[in-house]
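Colleague: I would like to learn how to read a model of this kind. Where do we start?

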Amino acid sequence: MDQIIKYIEEIEDELISIRRDLHQYPELGFQEYRTSQKIIDFLDDLGIEVRKIAKTGVIGLLDCGEGTTIALRADIDALPIEEKTDVSYKSKIKEVMHACGHDGHTAILLATAKVLSKFKDKLSGKIKFIFQPAEEGPGGAEPLVKAGVLDNPKVDHIFGLHIEESLPTGVIGIQPKTGSAAADEIDIIIKGKGGHAAAPHQGVDAILVASQVINALQTIISRQINPHQSVVISLGTIKGGYKRNVIADQVEITGTIRTTSPNLRNMIPEMIEQIIKGITLSQRAGYELDYRFGYPVLINSSELVKEVKEVILDIPYVSNIRYISQPSMGAEDFAYYLQQISGIFFRLGAADSSEEYYPGHHPKFNFDEKALKVGVALFVYITLNIIKD
């Protein structure tokens, strides 16, 4: 392992350079053409078998003989945000930036491929390097799964990570089971009857009905759900009405529903419809409800967590493992892979205590670049533990 750590140290400047290059040229989901080509060229130079998948996705395969096949995944897309940092490598693309660390994830996985290809004589098995588009939306993991990313050869376990600015550099965060919530979308149309504001009794005020629906939907959490279970109902937009003296005939409401239990998730649509139906019926209004299931609940393998614990603590760069008891209510489409095979999604501490950091999706988001080599070592050590010769 000393040789491997030494090599990671040798390529750290290159690792940072890759990340900064990607940061300057961010691309949105399924538009990551430059990023994909950079990945392909890098893997080609390493002699790793490469193929494209799902438009802008890339798979690299390192074949080290018979044995277990594992996959390592990085998301490669950016966000539609105008960057407001003062760094020398800030985004050159107007209103697009890597505001969630995906540039770091991609650089980590490329460097991991470089390290493992150099030390492939220590391995017995196969490694798939999955560079996935569109994690931020509309979701790249599900199309990759449908396109066979986990097949030929069949993947046994998969691992991913996410830079976490709330954890110090050197700390690895692990959720032993549920890691992230499911995120679903909801569209509601309240249908009333228009009229003059001076004679509200002659119409059906869609705004009044919508306000009752909005308030009542929160009672699902406070009165219908076990308080030990996590649910978040957030209604983000409401549109309706024409003028101050007109009774609105229609109101549109949109929002998201987040849950951490698959069973509870399946019950929520009926609960929501019962409330909307009851209120609109009592107010002589109508409604339309469109409930769309999005990213599923991310559930890590408890057995794999136990297996890799000591391996992680042996990494020289790792100061501690922090077990995170509460799942993130933010969704992560790595969950689609974990519906098919066992794996772990790690939280990679990336905060220097002397610096101020902003949360993901903030225009001033950044992270401690010393965390990059920690991420590489994490992937390398886990791989060597599972498919060592």
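Modeller: Start with the term nonpolar core: a set of buried Ala, Val, Leu, Ile, Met, Phe, Trp, Tyr and Cys residues joined through side-chain atoms within 4.5 Å. Keep in mind that this is a predicted model.

Colleague: Which residues touch the most other members in the largest nonpolar core?

Modeller: They are Phe129, Phe131 and Phe346, in a core of 72 residues. Helix α11 gives the largest share of this core, 13 residues. Another core lies apart from it and has 26 residues, including Ile190, Ile233, Ile253 and Met271.

Colleague: What does Phe129 touch, leaving out residues up to four places away in sequence?

Modeller: Phe129 touches Ile48, Val58, Ile59, Gly60 and Leu62, among others. The list also includes Leu72, Leu109, Thr112, Ala113 and Leu116.

Colleague: Which residues of α2 are buried?

Modeller: Buried means under 20% relative accessible area. In α2 that holds for Glu12, Leu15, Ile16, Ile18, Arg19, Leu22, His23 and Gln24. The cover over the buried residues of α2 includes α1, α3, α4 and α11.

Colleague: That list has Glu12 in it. Which residue does the side chain of Glu12 meet in a salt bridge?

Modeller: Side chains of opposite charge can pair when their charged atoms come close. Here the partner of Glu12 is Lys373, at 3.7 Å from N to O. The pair links distant parts of the chain, with Glu12 in α2 and Lys373 in α11, 361 residues apart. Glu12 counts as buried because its relative accessibility is 13%, and Lys373 counts as buried at 15%.

Colleague: Why does the salt bridge of Glu14 and Lys114 tie together parts that are 100 residues apart in sequence?

Modeller: The closest N and O atoms of Glu14 and Lys114 are 2.8 Å apart. Glu14 lies in helix α2 and Lys114 in helix α4, so the pair ties together parts 100 residues apart in sequence. Glu14 is partly exposed, at 31%, whereas Lys114 counts as buried at 19%.

Colleague: Which residue forms a salt bridge with Asp21?

Modeller: Lys38 does, with the closest N and O atoms 4.0 Å apart. Asp21 is in α2 and Lys38 in α3, so this pair ties together parts 17 residues apart in sequence. Asp21 counts as partly exposed at 21%, and Lys38 counts as partly exposed at 39%. Salt bridges can also share partners: Arg19, Arg20, Asp103 and Glu369 are joined into one network in this way. The count of salt bridges comes to 21.

Colleague: Now the backbone. Where are there cis peptide bonds?

Modeller: One joins Gly137 and Pro138, with omega about 5 degrees. Pro138 lies in the loop between β4 and α5. Another runs from Asn152 to Pro153, with omega near 0 degrees, and Pro153 lies in the loop between α5 and β5.

Colleague: And phi: is Phe30, with its positive value, buried or exposed?

Modeller: Phe30 has phi near 65 degrees, in a residue other than glycine, and lies in the loop between α2 and α3. Phe30 counts as buried because its relative accessibility is 17%. Glu95 also has a positive phi, near 60 degrees. Glu95 is in the loop between β3 and α4 and counts as partly exposed at 47%.

Key
Residues are numbered from 1 along each chain as its sequence is written. This is a predicted model: local features need pLDDT of at least 70, side-chain atom pairs count only at pLDDT 80 or more; totals for chains, interfaces and linings use all residues. Side-chain values use heavy atoms; hydrogens and water are left out. Helices (H or I, at least four residues) and strands (E, at least two) are DSSP runs, numbered from the N terminus. Buried means under 20% relative accessible area, exposed over 50%, partly exposed in between (1.4 Å probe, protein chains only). Contact means heavy atoms within 4.5 Å.
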